[in-house]
Amino acid sequence: MPLNNNQYNSFLESVAQDLDIPPSKYQQAVDRYKSVGRWLQDGVDVGAGEELRIYTQGSFRLGTVVRPLSDGSEADYDIDLVCELPCHHQSMGAHAVKHDIGNRLKESETYRRMLDKEGRRCWTLDYAEQDGIGFHLDVLPSASRTPGSFDTSISITHREKNAYSWYSSDPNGYANWFYELNRAAYRLAEHQQKTAIQRQHGSLYASIDEVPDQLIRTPLQRAIQLMKRHRDQRFDDHMMSDASPISMIITTLAAHLYANESDVRSTLLNIITRMQAHNSLLRNEALKDSFLAERALIQKRDDGTWYIGNPVNPDENFADRWHEDNHARARAFFQWVEWLKEDFINVEGSSESAVVQKALSQAVGAALVSRHALLLGMENDANTPPARKVNITSAPQPWRI
């Protein structure tokens, strides 16, 4: 018989949970970046009456974090931390602000040992934890753009060779946009998931009220986690790996295309279908779906460039490099969407266990399929090596110091 929808949904949900960062590891990460934040706040002069703000951004904040893959093996978690100075610091110049933060980190003997070489935008601290699951903590120096206003945008430092400049960004605005689209699903999931988390992790949370909101997961967040792991799995050691879709594009398009489906399977499959409807753009053809055409989430312009806008800053184009190298990134994106369809959608029509296992192994890895195969009504493949057991339920959204 073809895959049962309920069984398939349970499988996808469990795999996504397994990809997530466990609450104990999440708390360890929070402790790490709060300590970094306190060190910076205590040592960076921002002026009388001013405040240095520390907060997370990216997948850790949005609740879409997955443990990355590197050369076929799971790597350390990535955590992005924004260090926002008052707006008048922009007058100091991007070089000065970048190195004020870097020098403060170097003043700590502990952080100096962990500090990687200067990145284009961040300073990176590498945490090697005793359990073998570490963190890469990226500290992004920035400055507010407008004092005392509702404008959440910031200017971030950027280094290109030896030249420093300011780039516009808005991680808080983006997070608020994402949360708003996710709000209805979050409200439906909150009580049930907090109850389950508290029961499973009573040593961390004595009551349901102590379970952080940041640990709740909706079908949208789970679908994004699955797509990100699929991206990592499919492009790992592939000739197109340098052109693989960036997480901001995956997250932005998925959030735009989410229609408040109530389960992970429906969310994932519908998002993939709506993404695939855009593949005619690669052939310079118009979209057949009039609703998607009107929304223009992915645009190929007359001059051959591509556009996927930041929903809170339309001047920022996430696809600004898609035209390079004969549209390599555009071609990689639409190839990835085809793989998504092959591995997650087409598999539903198969009644052969071997075919299902092969497709899903291409999607998320053989170890995860083996670990959760019984949810599909299949026995573990004897040829699939056993995987390290990780008990995971969910991961964070924002956390402010």
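Guide: Leaving aside residues up to four places away in sequence, Ala143 touches Glu84, Leu85, Pro86, His89, Gln90, Ile154, Ser155 and Trp166; contact here means heavy atoms within 4.5 Å. The model is a predicted one, in which local features need pLDDT of at least 70 and side-chain atom pairs count only at pLDDT 80 or more, while totals for chains, interfaces and linings use all residues. Residues are numbered from 1 along each chain as its sequence is written, and side-chain values use heavy atoms, with hydrogens and water left out.

Ala143 belongs to strand β6, residues 135-144. Helices (H or I, at least four residues) and strands (E, at least two) are DSSP runs numbered from the N terminus. Ala143 counts as buried because its relative accessibility is 0%; buried means under 20% relative accessible area, exposed over 50%, and partly exposed in between, with a 1.4 Å probe and protein chains only. Its C-alpha atom lies 9.2 Å from that of Ala94, a residue 49 places away along the chain.

Arg61 sits in helix α3, residues 58-62. Arg61 is buried but has no salt bridge, and Glu84 is the nearest side chain of opposite charge, 8.1 Å away. A salt bridge requires a side-chain nitrogen of Lys or Arg within 4 Å of a carboxyl oxygen of Asp or Glu; Lys and Arg count as positive and Asp and Glu as negative, with His and the chain ends not counted. The side chain of Arg61 does reach the backbone oxygen of Thr56, at 3.1 Å.

Located in helix α6, residues 171-200, Gln200 counts as partly exposed because its relative accessibility is 47%. Its C-alpha atom is 44 Å from that of Pro147, 53 residues away along the chain.

Finally, helix packing may be considered. Helix α7 (residues 219-235) and helix α12 (residues 353-364) pack at about 95 degrees with their axes 6 Å apart. Axes are lines fitted to C-alpha atoms, for helices over the stretch in contact, and angles run from 0 to 180 degrees between N-to-C directions. α7 and α12 are therefore roughly perpendicular; angles of 65 to 115 degrees receive that label, those under 35 count as roughly parallel, those over 145 as roughly antiparallel and the rest as oblique.

Definitions and conventions
A polar contact is a pair of N or O atoms within 3.5 Å; within protein, one must be able to donate a hydrogen and the other to accept it, and residues adjacent in sequence count only if both atoms are side-chain atoms.
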